[in-house]
Amino acid sequence: MDTTIALVTGAAQGIGRETVRRLAELGWTVWLGARDVEAGEKVAAAIAAEITSTDIRVVQLDVTDDDSVAAAVRTVEAAHGRLDALVNNAGIAGGWVSPRDATPADFLAVYGVNVLGPVRTTHAFLPLLDRSGQPRVVMVSSGLGSFGITTDPARFESTLHNITYPSSKSALNMVASQYAKALDGYQVLIVDPGYTSTAFNGYNGTQTVEQGAEAVVQAATSAPDAPTGTYRDAAGPLPW
Ligand SMILES: NC(=O)c1ccc[n+]([C@@H]2O[C@H](COP(=O)([O-])OP(=O)(O)OC[C@H]3O[C@@H](n4cnc5c(N)ncnc54)[C@H](OP(=O)(O)O)[C@@H]3O)[C@@H](O)[C@H]2O)c1
């Protein structure tokens, strides 16, 4: 059987890098998407030194840039003619913006990367995913995008008042849910990595990247009969 072909966006560091390592370890061919291709090459070489069997390839990919995404599609198409698993991992925190202070301009960058980035990338790769026997799209969301979690007084997340990043991930959840309903034969899977120590949060997260990548890898490696449109962390289903 052909190897599984995956692409992970924002994979030069953090949860994306660890996801590339885990999927490559399975013997998959993994495209490491990086804004800075030289940085991506260094990371790919470092991962290759950590594990035995690896087919990691680097592709320049900025999820805010139509030309960059289109070029990445052409590169993957030329190599394999299809894509089996797209992991929309790239994301930014976008700073801390309290609801009282927020103006529309505060939303632009974070929505551009966290919402429009996965839409741009997913839309562009659909023709290649259509040619897969088991097309999977993983959306790396956050528990902060959950209404259930952020309105539960028992949860720490309910005490945080940031209007931009959490709402971007709520929007991503709905975007993903709509894809899941519309894309026949696809698995569109929404995941929360959990609070993970990466540059994203100044390395304050309480989980390791190994723990953070677990939910992402679980989704990317879902069984063919696993349901689409689910929202989960590594421990199980999450409230929307
Ligand atoms: N860490 C957490 O606690 C946590 C919790 C819940 C959800 N998440 C989500 O997990 C995902 C990964 O975050 P992380 O913690 O691993 O953060 P990270 O270490 O900061 O990694 C984020 C990655 O996204 C990339 N990126 C940013 N803007 C991009 C763009 N325009 N195009 C392509 N790539 C871009 C960055 O590229 P460069 O390397 O070039 O900077 C970086 O590789 C994000 O979607 C985040 O929202 C994280």
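Ala, Val, Leu, Ile, Met, Phe, Trp, Tyr, Cys and Pro count here as nonpolar, Asp, Glu, Lys and Arg as charged, and the others, Gly among them, as polar. By that scheme the shell around the ligand has 12 nonpolar, 14 polar and four charged residues. The model is predicted.

**Ligand shell**

The shell holds 30 residues. Those that come nearest to the ligand are G10, G14, A90, G91 and F200. Which element gives the largest share of the shell? Helix α1, residues 14–25, does, with three residues.

**Overall fold**

The protein chain has eight helices and eight strands. Its C-alpha trace spans about 50 × 35 × 35 Å along the principal axes. The radius of gyration is 17 Å. A compact globule of 240 residues would have one near 18 Å, so the chain agrees with that expectation. Buried residues make up 45% of the 240 residues. Take the contacts between residues at least 6 apart in sequence: 69% of them join residues at least 24 apart.

**Helix α3**

Helix α3 covers residues 66–80, which is 15 residues. From first C-alpha to last it reaches 21 Å. That is close to the 21 Å expected at 1.5 Å a residue.

Which residues of α3 are buried? They are V69, A72, V73 and V76. Seen down the axis of α3, its buried residues fall within an arc of 100°, so they line one face of the helix. On the other side, D67, A70 and A78 are exposed.

After α3 comes G81. The phi of G81 is positive, near 75°.

**L108 in helix α4**

L108 sits in helix α4, residues 105–114. Is L108 buried or exposed? L108 is exposed, because 12 other C-beta atoms lie within 10 Å, and a residue counts as exposed at 12 or fewer. L108 and G94 are 14 residues apart in sequence. In space they are 9.3 Å apart, C-alpha to C-alpha.

Technical notes
Residues are numbered from 1 along each chain as its sequence is written. This is a predicted model: local features need pLDDT of at least 70, side-chain atom pairs count only at pLDDT 80 or more; totals for chains, interfaces and linings use all residues. A residue is near a molecule or strand if its C-beta atom, placed from the backbone, lies within 6 Å of it. Helices (H or I, at least four residues) and strands (E, at least two) are DSSP runs, numbered from the N terminus. The radius of gyration is taken over C-alpha atoms; the globule rule is 2.2 Å times the number of residues to the power 0.38. A residue is buried if 20 or more other C-beta atoms lie within 10 Å of its own, exposed if 12 or fewer, and partly exposed in between; C-beta atoms are placed from the backbone. Two residues are in contact if their C-beta atoms, placed from the backbone, lie within 7 Å. The expected span of a helix is 1.5 Å times one less than its number of residues. The arc is that of the directions from the helix axis to the C-beta atoms.
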